[in-house]
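Reader: I have a new model on screen. Can you walk me through it?

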Amino acid sequence: MKRFVFLALAAMSLSVPAFAERIKDIASFGGVRSNQLIGYGLVVGLDGSGDKQSSSPFTVQSMSNMLSQLGVQVPAGVRIDPKNAAAVMITSSLPAFARRGQSIDVTVSSMGDAKSLRGGTLLLSPLRGADGQVYAMAQGNVVIGGAGASAAGSKVQINQLNAGRIPNGATVEREVNSSLNEGPVVQLELTESDFTTANRAVQAINKNFGYDTARAIDGRMIEVRAPQDPSQRVSFLARLENIHVEPGEVSPLVIINARTGSVVMNKAVTIDPVAVAHGNLSVTINNTPQVSQPAPFSNGRTVVTNQADISVKQDQGKVVSLPRGANLNQVVNALNAVGATPADLVSVLQAMKAAGALRAELQII
């Protein structure tokens with residue numbers, strides 16, 4: 001009987017004591033965020049591995065427009081072969097407090113049918129934000145983390161050749177104003193909404209900075225009174241983000257990946273008394289061809305028939321009784337004992353949930 005590999009969070013111990021985390025690990029400050037940037041450009045200098053004119057006409061159009069902007073007029077009717085160039089999409093993230101002239105990394109990805117961007121150079125390209133404004137300009141040599149070779153119809157490739165990065169490949173040209181220094185309060189946003197954690201965070205902040213320094217707006221947002229002077233505010237926030245808070249207990253959760261059979265449980269998962277029975281039914285079909293050969297000069301025909309042998313085997317089902325309040329290790333051992341495979345595990349857990357025995361939220365992804 002097959003046994004499945006069970007992935008479980010915090011399965012190394014029967015009970016995990018509560019621990020405190022820094023505020024900076026469970027929350028973020030309002031107004032401190034990155035902004036996504038996107039752009040379109042051309043990568044040139046490829047060794048014949050660029051786009052094809054027939055299937056990527058936008059690359060030819062981009063090359064003609066670029067040459068026109070540089071004062072080079074392409075005669076009408078002249079065919080441009082982009083085999084050494086490729087059209088790419090450029091993505092990056094503008095970090096919080098980024099200043100003009102600062103360098104940021106960019107990712108370059110082919111959008112045509114180029115075979116490889118290895119050895120290519122990205123030409124000067126603007127990177128725009130969601131508002132359509134240009135926030136950075138990108139240019140540089142593309143670094144590809146893969147390699148490949150082909151000959152005589154055979155091909156060998158390691159990693160991805162159609163996407164790469166340019167370290168410090170973009171220069172910030174426009175700054176994004178932050179609201180962190182505006183107003184008498186700063187907003188502290190928890191990563192996960194939890195009223196218990198929010199209440200404990202407020203108590204810890206008020207204990208360190210005095211009564212009524214912080215107040216919870218809801219289960220995610222906390223308002224904290226901060227100094228108006230920017231220098232004092234930075235010092236205040238540095239102390240604030242290092243305050244230790246004991247988060248609330250996590251909700252019991254079981255996540256099942258139905259495609260791979262992976263199962264992840266957190267340490268809060270428990271069960272009520274339940275009996276689980278599981279048996280395997282296997283059907284085996286063997287097909288044996290049999291050839292009937294006629295005698296010589298009999299004018300007969302050779303006939304091929306198939307002899308099918310079908311066998312059905314049903315393993316004896318096991319019934320396992322699980323006590324009330326079983327912890328994660330007991331749940332894992334019990335499901336292993338009934339011999340459930342990854343394919344069977346989804347049905348077993350769904351049945352336990354339907355019976356009201358599984359004290360956890362069941363999510364299937």
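Predicted model: local features only at pLDDT ≥ 70, side-chain atom pairs only at ≥ 80, totals over all residues.

Reader: How many bridges join β5 to β10, and which way do the strands run?

Author: Six bridges join them, and the two strands run antiparallel. Strand β5 covers residues 103-110, and β10 covers 163-172.

Reader: What are β5 and β10 part of?

Author: A closed barrel of six strands. The order is β3-β4-β5-β10-β7-β6, with antiparallel pairing. From one strand to the next, the twist averages 30°.

Reader: Which strands does α2 lie across?

Author: Helix α2, residues 57-69, lies across β3, β4 and β6. Its angle to β3 is about 85°.

Reader: Switching to α4. Which of its residues are buried?

Author: R233, F236, L237 and L240 are buried in α4, which spans residues 230-240. Viewed down the axis of α4, the buried residues fall within an arc of 95°, so they line one face of the helix.

Reader: And what is exposed on the other side of α4?

Author: S231 and V234 are exposed there.

Reader: What covers the buried residues of α4?

Author: The cover includes α1, β2, β11, α3 and β13.

Reader: What caps the N-terminal end of α4?

Author: D229 does. One of its side-chain oxygens lies 3.2 Å from the backbone nitrogen of S231.

Reader: Now the whole protein. How many helices and strands are there?

Author: Six helices and 23 strands. Buried residues make up 32% of the 365 residues.

Conventions. Residues numbered from 1 in each chain as written. Heavy atoms only, no water. Pairing = 2+ DSSP bridges. Helix = DSSP H or I, 4+ residues; strand = E, 2+ residues; numbered from the N terminus. Axes fitted to C-alpha atoms, helices over the stretch in contact; angles between N-to-C directions. Contact = heavy atoms within 4.5 Å. Buried < 20%, exposed > 50% of the residue type's maximum accessible area, 1.4 Å probe, protein only. Arc of directions from axis to C-beta. Polar contact = N/O pair within 3.5 Å; in protein donor to acceptor, adjacent residues only side chain to side chain.
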